Amino acid sequence: MRRATILAAATLLLWASVAAAQKVKPIETFTAFVAAMQQGKAGTVTITIERWSTDEERQMLLATLKEKGQAGLMAELTRLPRVGYIRMPNTLGKDLHYARDITLPDGSRRVVVATDRYLQIREVSNATRSKNYDFAFAELLMPKDGKGEGKLAPANKIEINKETGQIEVENFGTQPPRLLSITSKKP
């Protein structure tokens, strides 16, 4: 009887979380053709934004990076609520924890999204150096009119340059996948 009660409660919680997730409406969806020249692969990527990260979240992440480095930043980033998701070819999607929309002086936009990345079993079991590249991000450059372009950086290290105080991103790959013909759709 006790197991049945626990199972019923767990089922109700699961259905409640699914119902709550379905109520979140996207505020903008980006679709792009992704070309990974290094791997010789191509496909379509969809980035769905449900909310933009706040200025407070951005400041907290910057302060964490300065004080605690990459490991601290990853811990804080993954504690933030979901802001949307990214869906790569042949995947179910990955929650995004950071999304910023910056309007540039010429009226174009720079959209940056970030999350933790998937570690493949092969990487962990073989102790490859790629498992040290925790962050995945995408940068989209959207003109006022027409289709945008950008890059997808699926495995990166992030740190603060001690001399300049600027954020530096070390890309694991030599040529990141390119995002081409990006379109934006708002409901």
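Modeller: Happy to! Helices (H or I, at least four residues) and strands (E, at least two) are DSSP runs, numbered from the N terminus. This is a predicted model, in which local features need pLDDT of at least 70 and side-chain atom pairs count only at pLDDT 80 or more, while totals for chains, interfaces and linings use all residues. Residues are numbered from 1 along each chain as its sequence is written, and side-chain values use heavy atoms, leaving out hydrogens and water.

The protein chain has three helices and 10 strands. Searching the whole structure gives nine salt bridges, each a side-chain nitrogen of Lys or Arg within 4 Å of a carboxyl oxygen of Asp or Glu.

Let's start inside helix 2. E76 pairs with R79 in a salt bridge whose closest N and O atoms are 2.5 Å apart. Because E76 and R79 sit three residues apart in helix 2, about one helical turn separates them.

Next comes R82, which forms a salt bridge with E50, with 2.7 Å between the closest N and O atoms. This pair links distant parts of the chain, 32 residues apart: R82 is in the loop between helix 2 (55-79) and strand 3 (84-87), and E50 is in the loop between strand 2 and helix 2. R82 is partly exposed at 35%, while E50, at 14%, is buried.

R82 also meets D95 in a salt bridge, again 2.7 Å from N to O. D95 belongs to strand 4 (residues 94-96) and R82 to its loop, so this pair ties together parts 13 residues apart in sequence. D95 counts as partly exposed, at 32% relative accessibility.

Elsewhere, salt bridges with shared partners join E28, D101 and R109 into one network. E28 lies in strand 1 (residues 28-36) and is buried, at 2% relative accessibility. Its side chain makes polar contacts (N or O atoms within 3.5 Å, one able to donate a hydrogen and the other to accept it; residues adjacent in sequence count only if both atoms are side-chain atoms) with the side chain of R109 at 2.8 Å and with that of S184 at 2.3 Å. Beyond four places in sequence, E28 touches residues including I47, W52 and K185, a contact being heavy atoms within 4.5 Å.

Key. Buried < 20%, exposed > 50% of the residue type's maximum accessible area, 1.4 Å probe, protein only.
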